[in-house]
Amino acid sequence: MLERAGQIVLHPLERRQEALRQQLVKRLDRLDERVERALVQAQQNAALFSGSRGPRAARTSTRGSVLPRVASALPDPAVPAASPDISGETTTLTACACCGSPEFTQVSEFNRFLTTAQAPDACASRYDYSLCHRCGVVFARIRPVGARFRTLLDRFEDTLGRPAKQGTGLDLLGSRRLTPDEAARIREAAGRGVFASANGPGGPPGLPAVLRDRLAVSAHVEILSSLLTLSAPRVLELRPRFGAIGAAIRRLFGGETYALPLFEVQQLIVREVYGTRADALLDYDQFTIPYEGSFDLVVANHMVTHAVQPAAMLAAIRERLAPGGHLYIYNEPDEADFLETGKSMFKTLNPFHLQTFDLPSLTRALQAAGFRAVFSTHHAGNCVVLAEVAEPGVEPLGAKARARRLARYAAARDRAILMLPDTLRGHFRDEWEPLIARAFEAGLLALDDKGALRLSRRG
Ligand SMILES: [Zn+2]
């Protein structure tokens, strides 16, 4: 009896003791791991700052130029001269460009202008990209507007850091205005049709770039014609490359097609090759739809990435969708393009990239604007979403996902800084030494066989 009573008292005590013992073992294991990691890191840091070869460095191959260990060794950064003919109009946002949330975290200061010689002035490279805590879109807090945006667009190729095409061939995607002679040549080639070579060899060349585009966008025609039931739809194409998607929809379902191309040469091709109405050019800054009536389908190429006022643009589209109408968004680069590939984030985000995101963040931005995704996927690494009108409302980005993305952005920014040429690293003098230490720890940097610090191939 007494024994049994003792068991009743002791049993829970024993269990409690065993639980405590297990907890203690776990904690000791964790402590062990931490001590182990700290030791490895201390060895590496010692190697880093003594200039000798570290235990790991001997096995890591390196690339790029030698990186200085101390900030004082960085030369003053090259600063672009100001061009007098660009206006200083910029806006600094205090809330997310897509969902309006005032809560965000800055992830990177710079766009591609930092790395090119074509920046129109010293402030052109500064966008202060910030990650919205609600929808998750990364948006340029500082953005060019008005005449300044117009000038950047007029200098499209320079702004992209891409030289305008040279030689006699016409750049069908370029911003350049056409001479009457060039326009006549395009009309003549367009008259022979996109599949001109099917007429047999010997004829003058048609427009091979237009055929290439037609084949390239056929995936979108496949998606749209499989998922939508359309009957003589009114279709609006925003920034079509040449208008092949709208034309295909018209061929399959009848109806009318309208377009807002970006440049004059595309406007001419959209009209001449596909017979699509293209009365006006697209305005990324003050987006409007200069056609009457509502649309059953709006097909938007690369629009959310570039819109100066994405929320207003999406609202304008939503307002003009017919009941049961759809918005199709394609060619929107996924942030994985620089977070996962090892590419420089500074170089990837050209000055027209005012928003960047992953597919869930794009979907949330659409929710904020009153759209529900009915189909979304990636095609050729880009985000694709087919959406219909819904009540606005965002399921916010979770805290874990936010922390994960912020960490990946921080790592991508470190990598982009380290990939800069010597002449530009001075921009980051104030944070250079801690940056070097954490990049070394993360394996982005390694010591070469002479003990000099370089980018590691693995990183
Ligand atoms: Zn947002």
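Me: Which residues does Cys 135 touch, not counting residues up to four places away in sequence?

Reply: Two residues are in contact if their C-beta atoms, placed from the backbone, lie within 7 Å. By that rule Cys 135 touches Cys 96, Cys 98, Cys 99, Ser 101, Ser 361, Arg 364, Ala 365, Ala 368, Val 394 and Leu 397. This is a predicted model, in which local features need pLDDT of at least 70 and side-chain atom pairs count only at pLDDT 80 or more, while totals for chains, interfaces and linings use all residues. Residue numbers start from 1 along each chain as its sequence is written.

Me: What share of the protein's residues count as buried?

Reply: A residue is buried if 20 or more other C-beta atoms lie within 10 Å of its own, exposed if 12 or fewer, and partly exposed in between; C-beta atoms are placed from the backbone. Of the 459 residues here, 38% count as buried.

Me: How many residues are in the largest nonpolar core?

Reply: In soluble globular proteins, nonpolar side chains tend to be buried together. A nonpolar core is a set of buried Ala, Val, Leu, Ile, Met, Phe, Trp, Tyr and Cys residues joined through C-beta atoms within 7 Å. The largest one has 109 residues, and those with the most contacts inside it are Cys 98, Cys 135, Val 298 and Ala 365. Helix H8 (residues 264-274) gives the most to this core, with 6 residues.

Me: How many helices and strands does the protein have?

Reply: Helices (H or I, at least four residues) and strands (E, at least two) are DSSP runs, numbered from the N terminus. The protein has 15 of each.

Me: Which residues of helix H2 are buried?

Reply: In H2 (residues 146-154) they are Arg 148, Phe 149, Leu 152 and Leu 153. They lie on the same side of H2, because they cover an arc of only 135 degrees around the axis (taken from the directions from the helix axis to the C-beta atoms). The buried residues of H2 pack against strand E2 (90-92), strand E6 (142-144) and helix H3 (156-159).

Me: Is Asn 301 buried or exposed?

Reply: Asn 301 is buried, because 22 other C-beta atoms lie within 10 Å. Asn 301 belongs to strand E9 (residues 295-301). Leaving aside neighbours within four places in sequence, Asn 301 is in contact with Leu 238, Arg 239, Pro 240, Arg 241, Tyr 330 and Asn 331. From Asn 301 to Glu 332 is 31 residues in sequence and 7.5 Å in space, C-alpha to C-alpha.
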